[in-house]
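Subject: The structure we talked about

Hi,

Here is the structure I promised to send over. Have a look at it first, and then read on for my notes on what turned up.

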Amino acid sequence: MQFGGPWTETKLEILEAYLDAYTTALKRKPFKLIYIDAFAGTGRIELQEDGETIGFLRGSAERALRIRDKSFDELIFIERDSTRCVELGKLRHTHPQRTITIEQGEANAVLSGLRREWRSCRGVLFLDPFATEVEWTTLRRIASLNALDTWILFPVSAVARMLPAARRPEDISPLWASRLTSVFGDESWRDLYSEDPQRNLFGESRSIRERGVDRLLGIYKENLAGLFGDRFLRESRRLVSSTESPLFEFMFCVGSPNAIDLAKGIARHLLIRM
């Protein structure tokens, strides 16, 4: 997978540090520890310069395998592309002592179909989509398990591109409107539009959307807070391009209601300090 920019390293460093802290905190607890990478790719990220490959960066799958203090008992890598699944399969050969499950399929379908006894398990889920693939029904399912600390990379740039800056929400294509509803969980994204106090030349009113991403991110966060309650961490980390344009928002939700303060404290520190 091609390297996205310095923000890619930032998110991976935060994730790896959290995985290390998480497994250390639970190493004496009687839980089976599971790591789930919902968009695993190949396990590593290609570094390019002027179209030439100059090296590789360890991806989230490889970093999860590096955790040493208390290793995950099982690692589940989900990937839709068959070629990438073949690359992921090589991790079994380089880590023969580890329990690695590779699920080829669409991430939402695989996550919604997880079948196990979660009362005896705890884990971390990494949702790192390419764009707007993560559906609200999936988050609802994850929230109901009370077992998976969840890192969400929310694609603010991709969502903003689907929302014209000065048009009625009714003018958005049905396909995009449906996608936005599946991402937000409802039609709350329509609240981004308000009546423009300045009418057009014909005296007609029009709708206008607040520029930037703060408002749309605020709506998504409110929906997450409604779903996860106190388990949702309101602090997040904005990941930007080389020109300082917002690309993603890195957010966190706690799995178990019994570990809210500890988990949020660790995640908050990493999001702010790293």
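Helix α5 (residues 136-145) lies across β6 (121-127) and β7 (148-154), and its direction makes an angle of about 155° with β7. Please keep in mind throughout that this is a predicted model.

Which residues of α5 are buried? They are Trp136, Thr138, Leu139, Ile142, Ala143 and Leu145. These buried residues pack against α4 (107-112), β6, β7, α7 (174-184) and α8.

The strands β6 and β7 belong to an open sheet of seven strands, in the order β5-β4-β1-β6-β7-β11-β10 and with mixed pairing. At its edges are β5 (100-104) and β10, each of which pairs on one side only. From one strand to the next, the twist averages 15°.

On one side, β4 pairs with β1 in the parallel sense over four bridges, and here isoleucine 34 stands opposite glutamate 74 in β4. β4 also runs parallel to β5, joined to it by five bridges. In that pairing, phenylalanine 77 stands opposite isoleucine 102 in β5.

How many of the six residues of β4 are buried? Six of the six are, so β4 is largely enclosed by the rest of the structure. Glu74, Ile76 and Ile78 point one way from the strand, while Leu75, Phe77 and Glu79 point the other way, and all are buried. You will notice that Glu74 and Glu79 are on that list of buried residues.

**Two helices side by side**

Next, have a look at α1 and α9. Two packed helices are described by the angle between their axes and the distance between the axes. For α1 and α9 the angle is about 155° and the axes are 10 Å apart. Angles over 145 degrees count as roughly antiparallel, and α1 and α9 are therefore roughly antiparallel to each other. The crossing of α1 past α9 is right-handed.

If you want to pick out the side chains, α1 contributes Ile14, Ala17, Tyr18, Ala21 and Ala25. They meet Leu262, Ala263, Ile266, Ala267, Leu270 and Leu271 in α9.

**Charged pairs**

Side chains of opposite charge can pair when their charged atoms come close. How many salt bridges does a search of the whole structure find? The search finds 17, and I have picked out a few of them for you below.

Lysine 27 and aspartate 69 meet through their side chains in a salt bridge, at 3.4 Å from N to O. This pair links distant parts of the chain, 42 residues apart: lysine 27 is in the loop between α1 (6-25) and β1 (32-37), and aspartate 69 is in the loop between α2 (60-66) and β4 (74-79). Are these two buried or partly exposed? Lysine 27 is partly exposed, with a relative accessible area of 31%, and aspartate 69 is partly exposed too, at 42%.

Glutamate 222 forms a salt bridge with arginine 234, and the closest N and O atoms are 3.0 Å apart. Glutamate 222 is in helix α8 (residues 214-228) and arginine 234 in strand β10 (residues 232-240), so to speak a link between distant parts of the chain, 12 residues apart. Glutamate 222 has a relative accessibility of 47% and counts as partly exposed, as does arginine 234 at 44%.

β10 takes part in another pair as well. Glutamate 235 forms a salt bridge with arginine 268, with 3.1 Å between the closest N and O atoms. Here glutamate 235 is in strand β10 and arginine 268 is in helix α9 (residues 260-273), 33 residues apart. Both ends count as partly exposed, glutamate 235 at 31% relative accessibility and arginine 268 at 29%.

Finally, there is a group to click through: Glu9, Glu16, Arg63 and Arg66 are linked in a network of salt bridges.

Happy browsing, and do write back with any questions.

Best wishes

Terms used
Residues numbered from 1 in each chain as written. Predicted model: local features only at pLDDT ≥ 70, side-chain atom pairs only at ≥ 80, totals over all residues. Heavy atoms only, no water. Salt bridge = Lys/Arg side-chain N within 4 Å of Asp/Glu carboxyl O. Helix = DSSP H or I, 4+ residues; strand = E, 2+ residues; numbered from the N terminus. Buried < 20%, exposed > 50% of the residue type's maximum accessible area, 1.4 Å probe, protein only. Pairing = 2+ DSSP bridges. Axes fitted to C-alpha atoms, helices over the stretch in contact; angles between N-to-C directions. Contact = heavy atoms within 4.5 Å. Parallel < 35°, antiparallel > 145°, perpendicular 65-115°, else oblique. Left-handed = near helix turned anticlockwise from the far one by under 90°.
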